[in-house]
Amino acid sequence: ALLAMTLPAATLPAVEIIAHRGASYDAPENTLRAMKLAWAQQADAIELDLWLSQDGRIVVMHDADTKRVGGPARRIAEQTWAELQQLDVGAWKDPRFQGERVPALAAILATIPAGRRAVLEIKCGPEILPELSRVLAESGKTPAQIAIIAFDFETLRRSKEKLPQFPHYWLHGYKQDQKTGRFPELAPILARAQAAKFDGLDLHFDWPMDAAFVAKLRAAGMKLVVWTVNDPLVARRLMAAGVDGITTDRPQWLREQLKAGEAAR
């Protein structure tokens, strides 16, 4: 311990480890099991995907329909909560998860330990906002325990207007425009995010991020979260650049890899 005290401080800053759809490498994504396992794996935050059912209930699922995780190829918006509750959303991952049901958002929010948070991705449009507002209010969670993200700018803008107390991060990929062949640029995205009073960006790890890139966000008063990173080398590079959060399918494993890499320096 004395030796450790004499060594220079760790060169990599602390970073928030966010469990992508829960601990989705080890458990069925977006289920209560995956979220509880994420906390057991010492994740700082969980990330989950939100849709609205036909009868106005919030549905925690990634895809627009239920085909991939064990149901019919029917859109979530065309099914009632009762219909969705009939689905087994665990068996597709592994027989030992058989019988897992679509969780209620309230049940997931109730699992958040003190000092940790949930990152909620709105997958549908602003029609979800009245119900989301109600569930968040009833949950009693503080603004420090919730963040809201979305790809759709207008949906996120309206969410920030309705729920200004919660941090909002704009999701943005890094894909070539099919018409121009150009990749997205930070400056116009940052300007739109600032105009909408967003609190940060949530970017795909393909973006060319270095310390100068992160400094531009800092200067604009923005946080930076990155998705979805399961490679320790990529995670280490992003940490060195100064990102605030890294979203991963394997929270505990990635943290251990980062610690091992730091110890080996």
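This is a predicted model: local features need pLDDT of at least 70, side-chain atom pairs count only at pLDDT 80 or more; totals for chains, interfaces and linings use all residues.
## Lining of the largest cavity

By class, the residues around the largest cavity comprise six nonpolar, two polar and one charged. They are Glu-29, Asn-30, Thr-31, Val-60, Met-61, Val-69, Val-89, Val-102 and Pro-103.

The space inside the largest cavity amounts to about 60 Å³. A search of the whole structure gives one cavity of 30 Å³ or more.

## Nonpolar cores

The largest nonpolar core contains 72 residues. Within this core, the residues with the most contacts are Leu-48, Leu-105, Leu-120, Leu-132, Leu-201 and Leu-224. Another core, of nine residues, lies apart from it and has Ala-45, Tyr-169, Val-225 and Trp-227 among its members. In soluble globular proteins, nonpolar side chains tend to be buried together.

Leu-120 illustrates the packing. Beyond its neighbours within four places in sequence, Leu-120 is in contact with the leucines Leu-48, Leu-50, Leu-105, Leu-109, Leu-132 and Leu-136, and also with Ile-146, Ala-147, Ile-148 and Ile-149.

Ser-53 is located in the loop that runs between strand 2 (45-52) and strand 3 (58-60). Because its relative accessible area is 4%, and buried means under 20%, Ser-53 counts as buried. When residues up to four places away in sequence are not counted, Ser-53 touches Val-59, Ile-76, Ala-77, Gln-79, Thr-80, Trp-81 and Leu-84.

Lys-123 occupies the loop between strand 4 (117-122) and helix 5 (129-139), and is partly exposed at 22% relative accessibility. Leaving aside neighbours within four places in sequence, Pro-72 is in contact with Thr-66, Lys-67 and Leu-87. Pro-72 and Leu-87 are 15 residues apart in sequence, and their C-alpha atoms are 8.9 Å apart.

## Helix 8

Helix 8 (residues 211-219) has Phe-213, Val-214 and Leu-217 as its buried residues. These residues lie on the same side of helix 8, because they cover an arc of only 95° around the axis. An α-helix has 3.6 residues a turn, so residues three or four places apart point the same way. Lys-216 and Ala-219 are exposed on the other side of helix 8.

The buried residues of helix 8 pack against two helices, helix 7 (186-195) and helix 9 (232-241), and against two strands, strand 7 (200-204) and strand 8 (223-227).

## Helix 9

Helix 9 is mostly covered, with seven of its 10 residues buried. The buried residues are Pro-232, Val-234, Ala-235, Arg-236, Leu-238, Met-239 and Ala-241.

Among the elements that cover the buried residues of helix 9 are helix 8 and strand 8, together with strand 9 (245-248) and helix 10 (251-263). The packing of helix 8 involves helix 9 and strand 8 as well.

Technical notes:
Residues are numbered from 1 along each chain as its sequence is written. Side-chain values use heavy atoms; hydrogens and water are left out. On a 1 Å grid over the protein atoms alone, a cavity is a set of points where a 1.4 Å probe fits but cannot get out, and a pocket is an open set with protein on both sides within 12 Å along at least five of seven lines; lining residues have an atom within 4 Å of a point. Grid points are joined across faces, edges and corners, and a volume is the space filled by probe spheres set on the points. Ala, Val, Leu, Ile, Met, Phe, Trp, Tyr, Cys and Pro count as nonpolar, Asp, Glu, Lys and Arg as charged, and the others, Gly among them, as polar. A nonpolar core is a set of buried Ala, Val, Leu, Ile, Met, Phe, Trp, Tyr and Cys residues joined through side-chain atoms within 4.5 Å. Buried means under 20% relative accessible area, exposed over 50%, partly exposed in between (1.4 Å probe, protein chains only). Contact means heavy atoms within 4.5 Å. Helices (H or I, at least four residues) and strands (E, at least two) are DSSP runs, numbered from the N terminus. The arc is that of the directions from the helix axis to the C-beta atoms.
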